[in-house]
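Subject: Handover of a structure for your study

Dear colleague,

Please find below the structure that I promised to pass on to you. A short account of the findings follows it.

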Amino acid sequence: VQETSATSPSGDSAVRNALENAPTTHARLLAWVSEVAELTQPDDLVWVDGSEAEWSRLTDEMVEAGTLVRLAEDKFPNSFAAFSDPEDVARVEEQTFICSTEERGSGPTNNWMDPEEMKATLRGLYRGSMHGRTMYVIPFVMGSLEATEPKYGVEITDSPYVVCSMRIMATIGAAVLEKMTATDAFFVEALHSVGFPLDNGQRDVPWPCNETKYIVQFPEDRAIWSYGSGYGGNALLGKKCYALRIASAIAHDEGWLAEHMLVLKMTDPGGRVHYVSGAFPSACGKTNFAMIQPTIDGWKAEMVGDDIAWMRFDESGTLRVVNPEAGLFGVAPGTGWSTNPNAMRAVAAGNTIFTNVALTDDGGVWWEGMTDEVPAHLTDWRGRDWTPASKNPAAHPNSRFCTPIKQVDILAPEYDDPDGVPLSAIIFGGRRKTTVPLVHESFDWEHGVFEGATLSSETTAAASGAVGVVRRDPMAMLPFIGYNAGDYLAHWVKLGKAHHGKMPRIFYVNWFRRDRDGGFAWPGFGENSRVLKWIIGRLDGEAGGEQTPIGVVPRPEDLDLTGLDISEQQLADALKVDVEEWRRELPGIHQWFNVLQDSLPPEMVRQYHRLEVRLEV
Ligand code: GTP
Ligand code: SPV
Ligand code: MN
């Protein structure tokens, strides 16, 4: 991509006009928007109002431009499919930076560059990067606009796909801008450009992006600068960049937690309610667990959130949790009528943007695992003819559906309560073929934090790079901690001490263990409700279990297996704690702790030694 020369006069005056007629008097916002326009040289500037009319206009324009395909109205009303550049399909962790002033502030697990140096590099890339395009200004709030201190942001982007996706994922537009202006509120500056300027008269491509990509957080400025990618967490900046990386840094300063967690409400047959959260790495089952369809009698599950949780203590010291998002950006493959009917109903209600799924010949979408029956012919995510004989999957493994949360019919009515819901249990989980049993309970908070700190999982297609490699992913936050990872673990330890006796109990699950034949040992999905019942039984002092070196594990008789088709052998494979396997786990944990060096909290070293003792090494 070449640097472009001077902007066209019409562009200049259109932008000036939009600035003069801005729907806000927020001084910092106006100054920032004109500064960015000056730098990026867009042809036009639009203040996004979040209206239905605006959505229609933008989706029409994107259909016209070939960015979106309109789906059949009778199947997926007001819904669209987008297809990204094949080089822009997932988060780019190797190009994601935490640019704190001191390198230590970013910690050993994040990429770091001096903030001034990074800003100079990025200014060079942003110079003229919106030429030939419209610059959109999206006021948004993460969490409730009615919160005591609403968490505002403004995303500037040159991607209409981002505008429409942000409209689903967050509360955006005129009402947000009005309140932000009236209270002269602080907002997080979130700048995004696809990095594909157009020369005068140059034809656009369906999915503009740039080979050079940077996803940069400046935690001290509470600012985000993203360049070169149009996909998901790289570009919808309210999500990972704000609600996790920037928010975790704010939370560290203010004594709360911003986590990569689902939140689920369970009501037992007696009407008792428990809220639980689950931290599983990307593409490891949060959305599915959040939308679980219980297979056990009398239990009801409702969803509060499927990806991000903000957890704060109320005056009584109870940990309460809020889902800051307004939509789902869910993994499509594996989501089907048998595995996750609640998600299928939500997307079938329409108003959805699918990205990198396959198209059916009758204007619908399909992906691996959606239906048991595989269509005889599809157009795959790269626009090629596809049949069941084709070698490649029809949908990209990280293809996604972007759907308003309100379309989830099992949504808990209190899902958007600004005060959140009280949390009873935290469940860590990873994707491991071996070693980690179906479920166990940690001994106490500190041990639970150790279990979260040493969480391991096989990498997935949610990030670019190798898939299936076991890595440590503390609290499922490895790519999302906005500051030093050792300090992050210390923050968890500290909160447990400060709120001793009031913290949620900590559990650990693995839906992905293999049996001796190589298949999944546990059927998963709705059957995970049996595990939830055991967890809640532990909270209520009703469920038994066996002490093992890693924690308390249910014996087969401790689980409600009524009506479940599972062999004794498979169940044993799922629940087994093999001391030898766990001994082999130690070097990996040791190596990971070495990475953290002097920022590793002493409590984690102590827990490591206790595990060694219990494993008799
Ligand atoms: P992100 O949105 O990337 O953070 O992912 P997520 O944690 O929400 O993952 P999601 O629920 O979308 O699941 C990812 C993949 O795991 C999908 O292909 C699911 O079908 C699969 N999956 C989810 N739950 C289970 C389970 O209980 N058993 C098995 N075998 N697979 C599961
Ligand atoms: C994840 O990777 O954890 C996601 C998808 O939830 S993205 O928003 O692209 O980061
Ligand atoms: Mn996620």
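Two strands are said to pair if DSSP finds at least two bridges between them. Strands (E, at least two residues) and helices (H or I, at least four residues) are themselves DSSP runs, numbered from the N terminus. The model is predicted, so local features need pLDDT of at least 70 and side-chain atom pairs count only at pLDDT 80 or more, whereas totals for chains, interfaces and linings use all residues. Residues are numbered from 1 along each chain as its sequence is written, chains are lettered from A and ligands numbered from 1 in the order in which they are written, and side-chain values use heavy atoms, with hydrogens and water left out.

The sheet

Four strands form an open sheet in the order β11-β15-β16-β24, and their pairing is antiparallel. At its edges lie β11 (257–259) and β24 (421–422), each of which pairs on one side only. Strand β11 is joined to β15 (residues 309–313) by 3 bridges. In one of them, Leu 257 has Met 311 of β15 as its bridge partner.

Two helices lie across β11 and β15. Helix α8 (residues 238–254) runs at about 160° to β11, and helix α12 (residues 485–498) runs at about 125° to β11. Such angles run from 0 to 180 degrees between N-to-C directions, and axes are lines fitted to C-alpha atoms, for helices over the stretch in contact.

A pair of helices

At what angle do α11 and α16 pack? The angle between α11 (residues 445–453) and α16 (residues 602–614) is about 90°, and their axes are 10 Å apart. The two are therefore roughly perpendicular (65 to 115 degrees). Their contact (heavy atoms within 4.5 Å) includes Phe 450 of α11 and Tyr 608 of α16.

Leu 455

Leu 455 is found in the loop between α11 and β27 (456–458). With a relative accessible area of 0%, Leu 455 is buried (under 20% relative accessible area, 1.4 Å probe, protein chains only). Among the residues that Leu 455 touches, leaving aside those up to four places away in sequence, are Ala 279, Phe 428, Arg 471 and Tyr 508.

The cysteines

How many disulfides are there? With a disulfide taken as a pair of cysteine sulfur atoms within 2.5 Å, the count is 0. For Cys 209, the nearest cysteine sulfur is that of Cys 241, 16 Å away. The sulfur of Cys 284 is 20 Å from its closest counterpart, in Cys 241, which is too far for a bond. Both Cys 209, at 10% relative accessible area, and Cys 284, at 2%, are buried.

Methods:
Parallel < 35°, antiparallel > 145°, perpendicular 65-115°, else oblique. Buried < 20%, exposed > 50% of the residue type's maximum accessible area, 1.4 Å probe, protein only.
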